[in-house]
Amino acid sequence: KKNEIKFFFNPRVYHKEALYGAALVFTDRAYVFLEGEGRLRWSITLQGKKPLSKEGLGRLAGEFHNEILNQTLRWMIGKNNKKTKEAIITQALYAAHTSSPEKKI
């Protein structure tokens, strides 16, 4: 269709959260349509908010692919650091609770 490009991703390679994150980053430049086609692949359609040439649409798709990689890495780091983050938050809340002035009175 005019001013849009469609491509597919394997959900076994890219997590749904990474696709959503990439889609959010692109909402200022394009309308993003995500469709899960069974368990085999995701369909992503980017429709430019401004008129784009064929080359411009290709660049937009390439940038979206790069952003999915970025979001996948962020998701993986967050997942791997989950227990550490929870421990830090627990310690901070415990310290705040035990050192509050109300408890000392």
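This is a predicted model: local features need pLDDT of at least 70, side-chain atom pairs count only at pLDDT 80 or more; totals for chains, interfaces and linings use all residues.
Figure 1. Across the whole structure, a search identifies 5 aromatic pairs. The pair of Tyr20 and Trp42 is edge-to-face, because the ring planes stand at 85°, above the 60 degrees required for that class; the ring centres are 6.2 Å apart. Tyr20 is partly exposed, at 44% relative accessibility, whereas Trp42 is buried, with a relative accessible area of 12%.

**Figure 2. The edge-to-face pair of Phe26 and Phe64.** The two rings are separated by 5.2 Å centre to centre, with 70° between their planes. Phe26 is located in the loop between H1 and strand E2 (30–37), and Phe64 in helix H2 (residues 54–80); the pair therefore ties together parts that are 38 residues apart in sequence. Both residues are buried: Phe26 has a relative accessibility of 1% and Phe64 one of 0%. Together with Phe7, Phe9 and Tyr14, they form one aromatic cluster.

**Figure 3. Charged side chains over aromatic faces.** Arg29 is placed over the face of Phe26, 4.2 Å from the ring centre. Phe26 is also a member of the aromatic cluster. Lys49 lies over the face of Tyr31, at 5.1 Å from the centre of that ring.

Figure 4. Asn3 occurs in the segment before strand E1 (4–9). Its relative accessibility is 17%, and Asn3 therefore counts as buried, the limit being under 20%.

Definitions and conventions:
Residues are numbered from 1 along each chain as its sequence is written. Side-chain values use heavy atoms; hydrogens and water are left out. Helices (H or I, at least four residues) and strands (E, at least two) are DSSP runs, numbered from the N terminus. Buried means under 20% relative accessible area, exposed over 50%, partly exposed in between (1.4 Å probe, protein chains only). Rings of Phe, Tyr and Trp (its six-membered ring) pair if their centres lie within 6.5 Å; planes under 30 degrees apart count as stacked, over 60 as edge-to-face and the rest as tilted. A charge sits over a ring if NZ of Lys or CZ of Arg is within 6 Å of the ring centre and within 35 degrees of the ring normal.
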